[in-house]
Amino acid sequence: MGILEVKDVNKRFGGLQALGNVNLSIQENICHAIIGPNGAGKSTLLNCLVGKLIPDTGSVMFDGQSVLGRTPFEINQMGISRVFQTPEIFGDLTVMENMMIPLFARRDGSFKLHAYESVESEKELREQAEEMLREVNMADKRNMHSAAMSRGDKRRLEMAMCLVQKPKLLLLDEPTAGMARADTNNTIDLLKQIKDERDITIAIIEHDMHVVFSLADRITVLAQGTPLVEDTPEKIKGHPKVREAYLGE
Ligand code: ADP
Ligand code: MG
């Protein structure tokens with residue numbers, strides 16, 4: 001049994017079958033990449049895992065519990081954090097203020113500081129945020145307005161906002177899209193470090209094969225809404241069906 005078990009998931013948008021009988025098992029404490037051409041249904045699948053979309057049929061089990069019928073917030077509280085395809089940070093807030101949001105939201109979603117007074121003081125939460133910012137090398141940017149940051153830094157902040165929640169499963173939708181090479185390499189290093197140091201499962205959707213082959217222990221290739229093959233990176237590299245469907249050969 002994997003930490004995440006997707007069984008016979010189907011999702012239609014009108015006449016378009018975005019996902020067709022998706023079966024996927026993600027094992028605990030590994031990095032599992034999902035690759036495939038544009039429009040293959042990768043983001044749709046991720047949305048079905050976090051409650052943003054509801055599959056038409058099938059089941060999604062996380063850590064032995066169904067995620068279906070739960071709100072995105074409830075699923076987040078079960079231990080799933082997600083980095084979206086487009087950065088979702090608050091540009092008007094500073095880096096530190098952004099970091100405090102997931103920490104405030106963690107327990108009851110009220111976003112009210114006083115709700116924590118008896119549990120954890122704001123100071124303790126700030127220390128957790130500081131520590132996380134140091135881990136992602138952004139401590140010196142704590143007072144910067146988030147809107148003014150580079151795309152790479154926005155992504156890094158978003159990842160830090162997810163990681164500070166100490167998720168069991170981190171879902172990343174094209175975390176390096178639009179990044180300069182140096183930022184991409186920093187992201188690879190950060191994810192490698194997190195993988196080594198924490199009990200965390202990472203599921204990553206990624207276009208950049210350098211990123212995929214640097215991080216993934218398993219790879220699923222999705223094509224036209226259905227998993228085509230799943231294997232180790234070595235086997236995937238040489239797979240003729242993958243070359244045909246994904247690399248367009
Ligand atoms: P990927 O992330 O692999 O590029 P998506 O999951 O975004 O693919 O999209 C899969 C297919 O579903 C595409 O054909 C896309 O146009 C379609 N699609 C995605 N979201 C919606 C939506 N909300 N409404 C209608 N069609 C959608
Ligand atoms: Mg997508």
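Q: With 13 C-beta neighbours inside 10 Å, does asparagine 29 count as exposed, partly exposed or buried?
A: Buried takes 20 or more other C-beta atoms within 10 Å of a residue's own, exposed takes 12 or fewer, and partly exposed is in between, with C-beta atoms placed from the backbone. Asparagine 29 has 13 such neighbours, so asparagine 29 counts as partly exposed.

Q: What pLDDT do local features need in this model?
A: Residues are numbered from 1 along each chain as its sequence is written, while chains are lettered from A and ligands numbered from 1 in the order in which they are written. This is a predicted model: totals for chains, interfaces and linings use all residues, side-chain atom pairs count only at pLDDT 80 or more, and local features need pLDDT of at least 70.

Q: Which loop holds asparagine 29?
A: Asparagine 29 isn't a glycine, yet its phi is positive, near 65°. Helices (H or I, at least four residues) and strands (E, at least two) are DSSP runs numbered from the N terminus. On that numbering, asparagine 29 sits in the loop between E2 and E3.

Q: Asparagine 137 has a positive phi too, but where does it lie?
A: Its phi is about 60°, although asparagine 137 is no glycine. With 14 C-beta neighbours inside 10 Å, asparagine 137 counts as partly exposed. You'll find asparagine 137 in the loop between helix H4 (122-135) and H5.

Q: What is the strand order in the open sheet of 4 strands?
A: Two strands pair if DSSP finds at least two bridges between them. Strands E1 (residues 4-13) and E4 (residues 57-62) are joined by 5 bridges, with leucine 4 partnered by phenylalanine 62 in E4. The order reads E2-E1-E4-E5.

Q: And which strands stand at the edges of the open sheet of 6 strands?
A: The order here is E6-E7-E8-E3-E9-E10, and the pairing is mixed. Each edge strand has a single partner, so one side of each is left without a neighbour in the sheet: these are E6 and strand E10 (226-231).

Q: How many bridges join E6 to strand E7?
A: E6 (residues 80-83) is covered on both faces, with Ile80 and Arg82 buried on one side and Ser81 and Val83 on the other. Serine 81 stands opposite leucine 170 in E7. E6 and E7 (residues 169-173) run parallel, and the number of bridges joining them is 4.

Q: Which residue in E9 is the bridge partner of isoleucine 34?
A: Strand E3 (residues 31-35) and strand E9 (residues 218-223) run parallel, joined by 4 bridges. In E9, isoleucine 34 has as its partner threonine 220.

Q: At about what angle does helix H1 run to E7?
A: Contact here means C-beta atoms, placed from the backbone, within 7 Å; angles run from 0 to 180 degrees between N-to-C directions of lines fitted to C-alpha atoms, for helices over the stretch in contact. Helix H1 (residues 42-49) lies across E1, E2 and E4, at about 65° to E2. H1 also lies across E3, E6, E7, strand E8 (201-205) and E9, and its angle to E7 is about 150°.

Q: How many of H1's 8 residues are buried?
A: The buried set is Lys42, Thr44, Leu45, Leu46, Asn47, Cys48 and Leu49. H1 is followed by glycine 51, with a positive phi near 85°. So H1 is mostly covered, and the buried count is 7.

Q: Which element gives the most to the shell around ligand 1?
A: The shell (C-beta atoms, placed from the backbone, within 6 Å of the ligand) includes Phe13, Leu16, Lys42, Ser43 and Thr44. Its residues divide into 4 nonpolar, 6 polar and 1 charged. E2 and H1 each supply at least two residues. The top contributor, with 3 residues, is H1.

Q: How far apart are the centres of domain 1 and domain 2?
A: An automatic or database assignment sets the bounds, giving domain 1 (1-79 + 167-249) and domain 2 (88-165). Taken over C-alpha atoms, the centres are separated by 25 Å.

Key:
Two residues are in contact if their C-beta atoms, placed from the backbone, lie within 7 Å. Ala, Val, Leu, Ile, Met, Phe, Trp, Tyr, Cys and Pro count as nonpolar, Asp, Glu, Lys and Arg as charged, and the others, Gly among them, as polar.
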